Amino acid sequence: MNYDEEIDIASEVDLVVNAYPVQDDGLDEELLAADQTTQQYQEVLIPEVVKNFIMLFHRSVLENNVYELQQIYEHSFNKLTEKFYLNESWPEPEAISPLVNDDQVFLTLYRELFYRHIYSRLTPTMEHRFHSYENYCDLFNYILNSEGPVALELPNQWLWDIIDEFIYQFQSFCNYRNRIKNKTPEELALLRDNSQIWSCYSVLNVLYSLIQKSRITEQLLVSKNGGDMVEAAGEYGSRPLYKMLGYFSIVGLLRVHCLLGDFTLALKMMENIELNKKQALFARVTACHVTTYYYVGFAYMMMRRYADAIKAFSHILTFINRTKQYHSRSYQHDQINKKGDQMYALLAMCVTLCPTRLDENIHSQLKEKYADQSTKLSKADEAMPIFEELFLFACPKFISPNGPNLDEDPEVLNSMTVFEPVQHYTKIFLAEVRNSILLPTLRSYLKLYTTMGNAKLASFLEVEPEQLRTLLMMAKIRSRQIKWVEGTLLEGEYQGTSDLDFCLREDMIHVSEAKVGRRYGDWFLRNINKFQDILGGLELTSKA
């Protein structure tokens with residue numbers, strides 16, 4: 001095949017795919033029944049356009065042509081999938097090996113796409129799960145343990161997807177392993193004998209190793225202090241492959257630690273990444289951008305820092321709304337939209353627990369998607385089922401780092417109640433909500449009065465006066481939260497999150513809503529000297 005006469009890969013594949021008819025390959029029953037090798041049979045089934053595509057793909061990897069690889073990865077591969085492999089797997093790696101001169105590096109990359117397609121479109125078997133893990137081990141061993149940096153360059157989107165899919169398949173295997181019922185004794189024996197497959201330690205080890213190899217933490221720290229990242233990069237970190245894999249591994253660890261329920265450690269992983277930086281590396285890949293804010297916001301929510309969670313969700317939802325005409329052409333369009341719907345659900349719960357004025361566009365979208373649920377969330381007698389429904393829809397699919405004890409007798413295992421992480425964290429969240437369920441109703445009554453008797457309010461809420469005292473104390477405490485001001489994501493200052501203030505004196509509740517207005521007025525008067533030139537020498541004084 002004369003490559004010099006070929007046209008642009010994306011255009012060529014588009015033209016051929018559109019023109020290529022799906023047809024019978026002419027195999028009759030006798031040929032199918034013949035004694036052929038698996039490889040020969042698969043070669044017959046590979047359409048010519050797919051063979052040409054694989055050879056072009058291989059050439060682009062050899063030449064490190066990142067621009068062409070991006071077109072192949074994001075467009076051509078997906079078009080061929082839609083045309084030929086919508087409901088079946090791509091050709092086995094062994095079948096395409098002769099087309100690429102048995103290039104093991106390319107075959108490892110191809111297997112990554114091969115198994116990802118099975119996870120996405122089909123149902124992976126235990127064998128697929130094992131082989132995919134082994135392939136990731138081969139890929140990361142090649143990148144991390146070769147003598148010196150490897151001569152390989154891939155598009156940022158693919159590098160992010162490698163880390164993202166690696167974590168997804170780990171998450172999927174953990175949930176698969178925990179579903180003991182209906183597994184055969186042979187399957188249980190395989191799981192028991194291969195306990196190292198997709199172990200939590202091995203996954204964390206890969207992500208931390210990529211961070212260490214790339215020196216990305218040192219690079220980000222230098223950049224944060226105004227220095228040049230290149231000076232701290234070292235031999236490996238100066239290569240785009242290692243730098244971006246290390247960076248995406250930080251976001252990956254944010255996700256993994258959230259899945260494991262350690263929300264403090266999850267946010268700690270982001271201590272050298274500045275979310276408010278306009279040209280942050282995570283913003284180069286839309287899916288990474290969305291994932292980062294989703295897990296940061298969720299971690300804040302589980303730590304009861306609702307104001308910071310609302311800020312994170314509002315920021316990324318505004319970004320999605322403004323760029324939807326661009327990512328609508330992306331192969332990840334559906335995934336981004338689903339994550340957006342989940343964040344609107346989380347935002348609805350956070351705003352109920354911490355009433356906050358939202359951006360007008362975000363507020364209208366929230367009303368459009370969750371109007372009925374938002375109304376019920378503020379009603380004490382209807383809220384709990386809605387909180388549970390929204391949380392189960394929007395939360396990550398939590399995992400347990402340790403699976404069930406597979407050394408038990410299969411009959412005993414099948415009768416055991418397996419620990420369900422999602423149900424566990426749902427109970428934790430709902431316990432927090434249950435303690436706050438009357439606060440929105442309490443707040444609505446307090447906004448109607450400037451003074452009110454304790455017994456009168458207790459009768460409105462249908463609680464005992466002593467119980468109301470506890471509720472008022474809780475409302476007072478919840479009206480102040482740690483809010484991020486500067487520094488790392490875990491840092492912050494206690495600030496008021498409500499424009500409603502009150503105090504209890506001799507069984508009378510005194511309410512004030514002017515606190516926010518006074519705060520800004522006092523700030524203006526304190527800083528008035530800075531504006532004397534602008535105001536033409538006008539003097540302002542506060543009244544006694």
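This is a predicted model: local features need pLDDT of at least 70, side-chain atom pairs count only at pLDDT 80 or more; totals for chains, interfaces and linings use all residues.
Reader: Why is α20 called oblique to α22?

Author: Helix α20 (residues 383–394) and helix α22 (residues 421–436) pack at an angle of about 140 degrees, and their axes are 10 Å apart. Angles over 145 degrees count as roughly antiparallel, 65 to 115 as roughly perpendicular and under 35 as roughly parallel, the rest being oblique. The angle therefore makes α20 oblique to α22. The crossing of α20 past α22 is right-handed.

Reader: Which residues make the contact between α20 and α22?

Author: On α20 they are Met384, Phe387, Glu388, Phe391 and Leu392. On α22 they are Val422, Gln423, Tyr425, Thr426, Phe429, Leu430, Val433 and Arg434. By class, nine residues of this contact are nonpolar, two are polar and two are charged.

Reader: What makes β1 and β4 the edges of the open sheet?

Author: The three strands follow the order β1-β5-β4, with antiparallel pairing. β1 (451–453) and β4 (501–505) each have a single partner strand, so one side of each lacks a neighbour in the sheet. On average, neighbouring strands here are turned by 20 degrees against each other, direction ignored.

Reader: What lies between β4 and β5 in their hairpin, and what is the phi of Glu506?

Author: Two residues separate the strands of the hairpin, and Glu506 in the turn has a positive phi of about 50 degrees. Helix α25 (residues 465–478) lies across β4 and β5, running at about 145 degrees to β4.

Reader: Which residues does the "repeat: TPR" annotation cover, and what is the helix content of that span?

Author: According to the unreviewed UniProt entry, the annotation covers residues 290–323. In the model, this span is 91% helix and 0% strand, and its end C-alpha atoms lie 12 Å apart.

Key. Residues are numbered from 1 along each chain as its sequence is written. Side-chain values use heavy atoms; hydrogens and water are left out. Axes are lines fitted to C-alpha atoms, for helices over the stretch in contact, and angles run from 0 to 180 degrees between N-to-C directions. Helices (H or I, at least four residues) and strands (E, at least two) are DSSP runs, numbered from the N terminus. A crossing is left-handed if the near helix is turned anticlockwise from the far one by less than a right angle, and right-handed if clockwise. Contact means heavy atoms within 4.5 Å. Ala, Val, Leu, Ile, Met, Phe, Trp, Tyr, Cys and Pro count as nonpolar, Asp, Glu, Lys and Arg as charged, and the others, Gly among them, as polar. Two strands pair if DSSP finds at least two bridges between them. UniProt positions are given in the numbering used here, feature names are shortened, and annotations may be inferred rather than shown by experiment.
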